[in-house]
Amino acid sequence: MTTATPPLTLEEFLKLPETKPPSAFINGEIIVKPMAQGQHSLLEIELCQAINRVANPNKIAKAFPELRCTFGGQSIIPDITVFRWENIPIEPTGKIANHFEIPPDWAIEILSPDQRQTKVLSNLLHCLRHGTELGWLIDPEEESIIVIDETQRLEILSGTSRLPILNGVELEVTVEQVFGWLILG
């Protein structure tokens, strides 16, 4: 006779050692995040740098790659999280905290070739249901970006469409410019 293993709780998951690649805890399940490939990595780096270049000097916001955020009963790792400066968790010493137990103000996911769009989209919707203001789902294969606002309204943008940015972050970028970062010539 086989005994069923009781489901893992979020607290139990958070006590487990980190894995490589990292794992998320979504709807009671441990999900291994796919390893980033070339286009995914480059978009992540370029976008973080572009956001931080305009948002850091005046302490408006900060973009983080692959940061674990635990809130709303889940522990997820969006490809990029952007937090308004005043929302970044700080330790009493003034250093940035290691644990972020709040949703990001802006969550960005980059679709990997072996990921399902609906699963990644559900992560973004989880963020938006818990206070995230803006979500992007970047699809390198389609060269499109699905934008979701705080009302959970979706819009698919491509080409020369200007992308909505987190309020206060003075960045102007089009979908075409984002995918132009993939050309190294």
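Biologist: How many salt bridges does a search of the whole structure find?

Modeller: The search finds 7 salt bridges. Bear in mind that this is a predicted model, where local features need pLDDT of at least 70, side-chain atom pairs count only at pLDDT 80 or more, and totals for chains, interfaces and linings use all residues. Residues are numbered from 1 along each chain as its sequence is written, and side-chain values use heavy atoms, with hydrogens and water left out.

Biologist: Thanks! What makes Glu133 and Arg84 a salt bridge?

Modeller: A salt bridge is a side-chain nitrogen of Lys or Arg within 4 Å of a carboxyl oxygen of Asp or Glu. The closest N and O atoms of Glu133 and Arg84 are 2.8 Å apart, so the pair meets that definition.

Biologist: How do you know that this pair links distant parts of the chain?

Modeller: Glu133 is in the loop between α3 (117-129) and β8 (134-139), while Arg84 is in strand β6 (residues 80-84), 49 residues apart. Helices (H or I, at least four residues) and strands (E, at least two) are DSSP runs, numbered from the N terminus.

Biologist: Why is Arg84 called buried?

Modeller: Buried means under 20% relative accessible area, exposed over 50%, and partly exposed in between (1.4 Å probe, protein chains only). Arg84 has 15% relative accessibility, so Arg84 counts as buried.

Biologist: And why does Glu133 count as partly exposed?

Modeller: Glu133 is at 23% relative accessibility, so Glu133 falls in the partly exposed class.

Biologist: Which residues are linked in a network of salt bridges?

Modeller: Those are Lys33, Glu66, Asp79 and Glu109.
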